[in-house]
Each structure stands twice: as C-alpha cells, then as structure tokens.
Amino acid sequence: MTTRNAAVGEWQAYLTNRAKRHRDGRFLVHGRAALTAAVRGQWPLETLLYRVGTPELPAWARELLDRSDAPNTGLVPELMTELADSVTGTPDLVAVAKLRTPSLDEFTPGAPGDRHPPVVVVIEQPTSPLRLGSVIRSAHGFGAAAVVISGTGADHFDPRCVRASEGALFGIPVFRVSGASPVHDFCDRQAGRDIATWIVGVVPGRADPGIRAVYEQDFRDATIVVIGDEAEDLGPAWRESCDELVSIPVEGAIAAPCAASIALYEIFRQRRTG
C-alpha cells in the first residue's frame, strides 16, 4: 500500500483511542517480543502490516510473516511511521490483533493438592499503561495464573502496555473487575473446588508498623496478591477485603511493578525452599 486510506486512519486511531479499540474489538501490537509472543501463542490476528522497501525486513519479522496464518499487507515507510508507538521510529512489523475479554466467572486455575497452588495478582486502579504492562510481565515471569485489574484505570490493550509486557499479555489471562466482590466470588468458587485461597494485600512499609513484613507471611497456599497503583496504600474496600496485609520494608516509595515483583519472588522462594 503506497497511499493513505481509511484503513490506515482506523489503525492509527487504535494508538490513542481506547473507546475505538474496544468498540471495534481491535488493538495494535508493536515490538519483536510482543509480536513473537502473539504469533507463537496463536492470538487471533486480523492482519500483519509490514514495511516495504529498503532496508530489507529483519529475519525475525520475515519469520513471523511466514509463520502466521494472518493476512499481511505491505505499507510504505511513511504509512508505517503513522502506526508507530511512542517508543520507536518506523516499525518493521505491526499486528492488528483482536481483543479477548475473558470473564473471571469462568476462571478455575489449579487443582486440589497441587504442589504450587495458583497465584493471582490484583492491581487496583492502575493509571499508567507502562506500569500495568510491567506488572503483567512480572506476574507472567513468576508463574502467576492471572492478573486482575480492579476498578477503572489503564487499558491493558493500550499499545504502551502491550509493549511493556514484553509479550506476557499473550501468555497470561488478564481480567477486569469492578472491585473486590468478584474476587471474593472467585475465592468462594475455588474453595468449592477444595482450593483454599488467601487474599493478601501489599501496603507501604510506612503504612502501619504493626503489619508484618512480606517475608514473614506464609504463602504456601493459593494466594491473591493485591497491590495499589504506584504501590500506594490500598483503598478502604480492598483493605477490608484482604485476609492479611503485609508490608515491604523500604525507606521510600516503590512503584507497583517493583512491589509485585518483590511479593511474587517471596512466594516463588518459599515454595521452592520451604
């Protein structure tokens, strides 16, 4: 394709227009890691857009075009630049992917007696797509069963979140819920399957000196880890909904992805050394 048309305008809108992404059921995927994960994970792709001209496409991009069953369209560099995210210049490859919106009501991870019971990460009202993507990446890296986004906040199909997840978005279920109630319902369903699940909230170390440190909590059972955006304190509803609260004893503030990684590493460590 050498001239701009309506399709390019629609695709470009998916970069910044959340309402259009969800109305059309499509989003854009950028970056080698995310694109590779989407293709390998057989995520539904509407089309693959590739840069024509010189220099030649890199080997990884040609391999993905050959491997995917999705239709592909070549665009001149000027048009590909219009579809670039905020991180790179003219992309070699961009995917137009279809949204998936799974329901927590149908999620049944784990089985009774599992050596490593399921772990789910909840983030409350994330405001930054980049931080949300990093939380998803950490959750996937430590083997969590899912990520749950509670309340309003960043869109996990925002191209910045997709790229920041480094492909993890395509390897772990991500659910959106209105608040704590659907998560409690999930715990009740898991209990009915004989999988006792604890909700553990992570709060700033300065929040309450009486709260135990994260490394003092027993994480050997199925666990839902709840963190606030930018690792700020949890809202009142989530504080009351947690079975336990733990703190990360640090001198200053830490971002949500760091808090998630610390808590998940402690779970990972306990289950492999305990």
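In this predicted model, the 28 positive and the 34 negative charges of the protein chain have mean positions that are 5 Å apart. The accessible surface of the protein chain comes to about 12600 Å², and carbon and sulfur atoms contribute 48% of that area.

The secondary structure of the protein chain consists of ten helices and ten strands, and its C-alpha trace spans about 65 × 40 × 35 Å along the principal axes. Because a compact globule with 274 residues would have a radius of gyration near 19 Å, the 20 Å of the protein chain agrees with that expectation. Some overall values of the protein chain are collected below.

| Property of the protein chain | Value |
|---|---|
| Residues that count as buried, of 274 residues | 51% |
| Contacts between residues 24 or more positions apart, among contacts with a separation of 6 or more | 81% |
| Accessible surface that belongs to carbon and sulfur atoms | 48% |

According to the unreviewed UniProt entry, residues 5–95 carry the annotation "domain: SpoU L30e-like N-terminal". In the model this span is 43% helix and 20% strand, and its end C-alpha atoms lie 17 Å apart.

Aspartate 229 is found in the loop that runs between strand E9 (222–228) and helix H9 (236–241). Is aspartate 229 buried or exposed? Its relative accessibility is 12%, so aspartate 229 counts as buried, the cut-off being under 20%. Leaving aside residues up to four places away in sequence, aspartate 229 touches Glu124, Gln125, Pro126, Thr127, Arg131 and Ala256. Between aspartate 229 and arginine 131 there are 98 residues of sequence separation, whereas their C-alpha atoms are 8.4 Å apart in space.

Definitions and conventions
Residues numbered from 1 in each chain as written. Predicted model: local features only at pLDDT ≥ 70, side-chain atom pairs only at ≥ 80, totals over all residues. Heavy atoms only, no water. Helix = DSSP H or I, 4+ residues; strand = E, 2+ residues; numbered from the N terminus. Rg over C-alpha atoms; globule rule 2.2 N^0.38 Å. Buried < 20%, exposed > 50% of the residue type's maximum accessible area, 1.4 Å probe, protein only. Contact = heavy atoms within 4.5 Å. Areas by Shrake-Rupley, 256 points an atom, 1.4 Å probe, with all protein chains shown as cover. Lys, Arg positive; Asp, Glu negative; His and termini not counted. Charge placed at Lys NZ, Arg CZ, Asp CG, Glu CD. UniProt positions renumbered as here; feature names shortened; annotations may be inferred.
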